[in-house]
Amino acid sequence: MSPQPERSKGTPMQKSDFYYDLPKDRIAQEPAEPRDSARLMRLDRSTGAVSHHIFSELPELLAPGDLLVVNNSKVLPARLLGVKEGTGAACEILILRPLKDDVWECLAKPGKRLHKGNRVVCGDGVLTAEIIDTKEDGNKIVAFTHPGRSFYEAIELVGRLPLPHYIEKEMEDDSEYQTVYAKELGSAAAPTAGLHFTEELLGVLRARGIDTVEVTLHVGLGTFRPVKVEDITQHHMHTEWYSVSPETARRINETRAAGHRVIAVGTTSCRTLESVFKDHGEICACHGDTDIFMYPGFEFKAIDGLITNFHLPESTLIMLVSAFAGYEHTMAAYKVAVDEHYRFYSFGDAMLIL
């Protein structure tokens, strides 16, 4: 792993500051089995000290009264394979986000050959996608028809889960890419920090006095889009929809009032809570869109801890972790993770930052 540059106060952060070398064989191609047998690095955000654990040890690393905030979003079978009407050419549609009834923003392949008015038939007519517009960034606006079924019933029949590009191995079971508490269908990618939890581990946590509450943030594929500008302050984040229920807001506020810790499970839960606090000055029941971008210098108001995976170099996710744990602490911890052969990315190992 390349040495990281010395940073001085007031020096603007550059994309290259968040680069690290990762051998390809450290990219996990399948989840740990069982899920909670993944490794867990604990990182002390005050001192930078790290210790090494197994994820099933999480209850001993937390304290009674701690509250875990999980993202209950469920991954859509958003990858649709079909044929272009009239020519039979193979096409792929990847649904990104809803715009209105049966109209979605999508990615399409081959994008340059799919124009306004073209139709892609999936599953022998179970679902048909008509291109109604092309955005400046190349994304397509697509209207779907699904005779005799709801849209979600149709994509459950013909769609596939969209795995990140770095996972080359086909899944044997789609449930491997869903958290055990997934329920609100709408994500284009899994909130992967939650993949380490099992029902048994959640029970052990509850027995120790460590509860969970749920938020919803539908993860967009923008999560995987690279930062293209060297000056990270010029990067524009993708927008994602979130929701916080009255019960979740109440439990978070009671936890903090009692002096206990609120710990976000995943960067998506973190983005949700910090967005709500930024917009409302408190944690309250609400929903909306967020394009919050957290990088070193961001002042966290809503969370006291973070459980997260090991993220791509130069990604907005490693920038968020650096904002919470400190830049030097984060990059040093990543060097340890590489040296100690941790598994990286969506199916990889985890960090607990407190």
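Visitor: Cys 284, buried or exposed?
Guide: Buried. This is a predicted model, and in it Cys 284 has a relative accessible area of 16%. The cut-off for buried is under 20%, so Cys 284 falls in that class.

Visitor: And Cys 286, buried or exposed?
Guide: Cys 286 is buried too, with a relative accessible area of 13%.

Visitor: How many disulfides are there?
Guide: The count is zero. Cys 284 is in no disulfide. Its nearest cysteine sulfur belongs to Cys 286, 4.3 Å away.

Visitor: Switching to rings. How many aromatic pairs?
Guide: The count is 19 aromatic pairs. Take Tyr 20 and Phe 344: their ring centres are 5.9 Å apart and the planes meet at 40°, so this pair is tilted.

Visitor: Where do Tyr 20 and Phe 344 lie?
Guide: Tyr 20 is in the segment before strand E1 (39-43). Phe 344 is in the loop between helix H7 (327-339) and strand E18 (350-353). The pair therefore ties together parts 324 residues apart in sequence.

Visitor: Are those two buried or exposed?
Guide: Tyr 20 and Phe 344 are both buried.

Visitor: Which residues form the aromatic cluster?
Guide: One cluster is made of Tyr 20, Tyr 166, Phe 310, Tyr 334, Tyr 342, Phe 344 and Tyr 345.

Visitor: Charges over rings: what does Arg 39 sit over?
Guide: The ring of Tyr 342. The charged end of Arg 39 is 3.9 Å from the centre of that ring. Tyr 342 is also a member of the aromatic cluster.

Visitor: And Arg 45, which ring face does it lie over?
Guide: That of Phe 324, with Arg 45 at 3.8 Å from the ring centre.

Visitor: Now His 311. Where is it found?
Guide: His 311 is in the loop between strand E17 (305-309) and helix H6 (316-325). At 8% relative accessibility, His 311 counts as buried.

Visitor: What polar contact does its side chain make with a side chain?
Guide: One with the side chain of Thr 308, at 2.6 Å.

Visitor: Leaving aside neighbours within four places in sequence, which residues is His 311 in contact with?
Guide: Tyr 20, Thr 267, Leu 317, Ile 318, Val 321, Tyr 334 and Tyr 345. Among them, Tyr 20, Tyr 334 and Tyr 345 belong to the aromatic cluster.

Terms used. Residues numbered from 1 in each chain as written. Predicted model: local features only at pLDDT ≥ 70, side-chain atom pairs only at ≥ 80, totals over all residues. Heavy atoms only, no water. Phe/Tyr/Trp six-rings, centres within 6.5 Å; stacked < 30°, edge-to-face > 60°. Helix = DSSP H or I, 4+ residues; strand = E, 2+ residues; numbered from the N terminus. Buried < 20%, exposed > 50% of the residue type's maximum accessible area, 1.4 Å probe, protein only. Lys NZ or Arg CZ within 6 Å of the ring centre and 35° of its normal. Polar contact = N/O pair within 3.5 Å; in protein donor to acceptor, adjacent residues only side chain to side chain. Contact = heavy atoms within 4.5 Å. Disulfide = S-S within 2.5 Å.
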